Amino acid sequence: MSRSGAAAEKADSRQRPQMKVNEYKENQNIAYVSLRPVQTTVLIKTAKVYLAPFSLSNYQLDQLMCPKSLLEKNSNNEVACKKTKIKKTCRRIIPPKMKTTSSKSESTLQNSASAVHTESNKLQPKRTADAMNLSVDVESSQDEDSDEDITPGLDDFSGLSPYERKRLKNISENADFFASLQLSESAARLREIIEKRQPPKSKRKKPKRENGVGCRRSMRLLKVDPSGVSLPATPTPPTLVADETPLLPPGPLEMTSENQEDNERFKGFLHTWAGMNKPSSKNTEKGLSSIKSYRANLNGMVISEDTVYKVTTGPIFSMALHPSETRTLVAVGAKFGQVGLCDLTQQPKEDGVYVFHPHSQPVSCLYFSPANPAHILSLSYDGTLRCGDFSRAIFEEVYRNERSSFSSFDFLSEDASTLIVGHWDGNMSLVDRRTPGTSYEKLTSSSMGKIRTVHVHPVHRQYFITAGLRDTHIYDARQLKSRGSQPLISLTEHTKSIASAYFSPLTGNRVVTTCADCNLRIFDSSCVSSKIPLLTTIRHNTFTGRWLTRFQAMWDPKQEDCVIVGSMAHPRRVEIFHETGKRVHSFGGECLVSVCSINAMHPTRYILAGGNSSGKIHVFMNEKSC
């Protein structure tokens, strides 16, 4: 070729790439979309001959737009080397067996590739000349590769290591094995069989039962006898709740000891109590002793194991000391209707305890008769008031009201002929023992929802004080009416329920109340006709809980300016306070191991008895009084 011709061809070759590059830049997006099917066609052909991944992003534009003239200038040796490398790469990646079994898939993929070409031609009718040339070049190279005979086998991999040859052999054997199993066809056939044989969903039919009777039904529930005959319907009787504490029969009850069986000893005990029928003389003329001497006498009072007695089986609700000057006799009322009598001078001490059962419910109040100390009067929740006469050995019935429950009583007269009885429902009864029968003389209601204690003024006996839920009232017994009575004075300083209220024992000039707000209050009751002022408030723990009897502060009959009350403090004790609020004395000791809720002091001797919730009494005695 001449030098001028070569120069012209060279200039022409320089201009054509430049023009194609510019044209590609103008139609960059179109060329990319139009080449998509070409790329897909190359990937499809990799099922037989794997050339290399093709992407526009991996090549520069000048390499893609290279004309055929430049490609034709390449030497035949270079083309042959490239084809040999491509074939070796194909043999390394694709097992020989997979080449023979993929002819159907290749035809399917070629059809899909042609469809993609057709759709892309519709969307992009105008292709660039360079893109067309590129696709023609690729197709021609693919045709040349497909025409070459590629014989699968392990001998072609002479350049591989023994490990790689063994690996490819295992892959081909596994492929043959799974192909021979035909798992996809078997799975398809099994799926068709399951769908055909699947039964329609239906609920299980219950077995039929004859006459609606099951196999394991109870004959008792079916109300039939063993022979199958229906039993007659029996009406269910009303359920009756048995009364745990039935009322005792009306009338007098014989004194029968529950814990003593020796009749001779019991007769001696009754004779001893019947002989102490002389009333005690009040200590009004002697007057009050000084606090110093009073404290000295209290310091001489001691407790020992010999003065601790087990009397009743339940908690003690009430207590009284006999006014005898020679013998120490203690009476207690218990929760289960028992009345216990204890003679501390009797030895051994078990022989001096006698327990009777005149009531069926708790005995909440107990007094020796001021006219005849051989009589002991007991009041119970069961609505009965009885008088124990030791000379006749009976418990005589004084007042009975089965529709009500009694809480407390006191004597309106010094001869103990008339009584005032408080009810738990707030009513009050006036009882005259001289009237035949066991009924009341007058029954009146009050504004109090509940009455806990009733106490009569020691000098002006027509006045009495009641302790209720929140209020403490003073009434005049002469003004009691049947349809309600208005109190003379009301003590409204309390914030919670009141457990007790008592006049001072000698003059009645003071009133002490025990309230659930942990306070003891002392009022000035010297003038009953006007308002009663509050003198002192003593802080004291009165929260006894559910199982202990409520505290009730009592006046000392010998020293009416001092009150006695139990304590929740440790060690256990019984405390005495002055009306000014000062603590005068505290009783305690190793033998006092429980809370004494109910306490009583002898009217003339320095003897203190305290009862607890286990039915025991603890007696503190002065050596001079023993």
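The side chains of E396 and R392 meet in a salt bridge, 3.0 Å from N to O. A salt bridge here is a side-chain nitrogen of Lys or Arg within 4 Å of a carboxyl oxygen of Asp or Glu. E396 is partly exposed at 34% relative accessible area, and R392 is partly exposed at 46%. Buried means under 20% relative accessible area, exposed over 50%, and partly exposed in between (1.4 Å probe, protein chains only).

This is a predicted model: local features need pLDDT of at least 70, side-chain atom pairs count only at pLDDT 80 or more, and totals for chains, interfaces and linings use all residues. Residues are numbered from 1 along each chain as its sequence is written, and side-chain values use heavy atoms, without hydrogens or water.

## The chain overall

The protein chain has 14 helices and 30 strands. Both are DSSP runs numbered from the N terminus: helices are H or I with at least four residues, strands are E with at least two. Of the 626 residues, 43% are buried.

Contact means heavy atoms within 4.5 Å. Among contacts between residues at least 6 apart in sequence, 55% join residues at least 24 apart. The structure holds 15 salt bridges.

Strand β9 (residues 375-380) pairs with β10 in the antiparallel sense over 5 bridges. Pairing requires at least two DSSP bridges between two strands. S378 stands opposite R386 in β10. The hairpin of β9 and β10 has 3 residues between the strands, and G383 takes a positive phi near 85 degrees there. Strand β11 (residues 394-400) runs antiparallel to β10, joined by 6 bridges. L385 stands opposite Y399 in β11.

R386, E397, R400 and E402 are linked in a network of salt bridges. E402 is exposed at 52% relative accessibility, whereas R400 is buried at 14%.

Another salt bridge joins R510 and D524, with the closest N and O atoms 3.1 Å apart. R510 lies in strand β21 (residues 510-515) and D524 in strand β22 (residues 519-524), so the pair ties together parts that are 14 residues apart in sequence.

## The sheet β24 to β27

An open sheet of 4 strands has the order β24-β25-β26-β27, with antiparallel pairing. β24 (554-556) and β27 (583-587) stand at the edges with a single partner strand each, so one side of each has no neighbour in the sheet. Neighbouring strands are turned by 30 degrees against each other on average, direction ignored. Axes are lines fitted to C-alpha atoms, for helices over the stretch in contact, and angles run from 0 to 180 degrees between N-to-C directions.

β24 and β25 (residues 559-566) pair over 3 bridges in the antiparallel sense. D556 stands opposite Q559 in β25. Helix α14 (residues 291-299) lies across β24, β25, β26 (574-578) and β27, and runs at about 5 degrees to β27.

D561 lies in strand β25. D561 is buried yet has no salt bridge; R510, the nearest side chain of opposite charge, is 8.6 Å away. For charge, Lys and Arg count as positive and Asp and Glu as negative, with His and the chain ends not counted.

The side chain of D561 makes a polar contact with the side chain of H578 at 3.1 Å. A polar contact is a pair of N or O atoms within 3.5 Å; within protein, one must be able to donate a hydrogen and the other to accept it, and residues adjacent in sequence count only if both atoms are side-chain atoms. Leaving aside neighbours within four places in sequence, D561 is in contact with L288, I291, W555, F577, H578 and E579.

Most residues other than glycine have a negative phi, and most peptide bonds are trans. K223 has a positive phi of about 60 degrees. K223 sits in the loop between α12 (219-222) and β1 (253-254), and is exposed at 52% relative accessible area. A393 also has a positive phi, near 60 degrees. A393 lies in the loop between β10 and β11 and is buried at 18%.

Two cis peptide bonds involve prolines. The bond from Q347 to P348 has omega near -5 degrees, and P348 is in the loop between β6 (339-343) and β7 (353-356). The bond joining H570 and P571 has omega of about -10 degrees, and P571 lies in the loop between β25 and β26.
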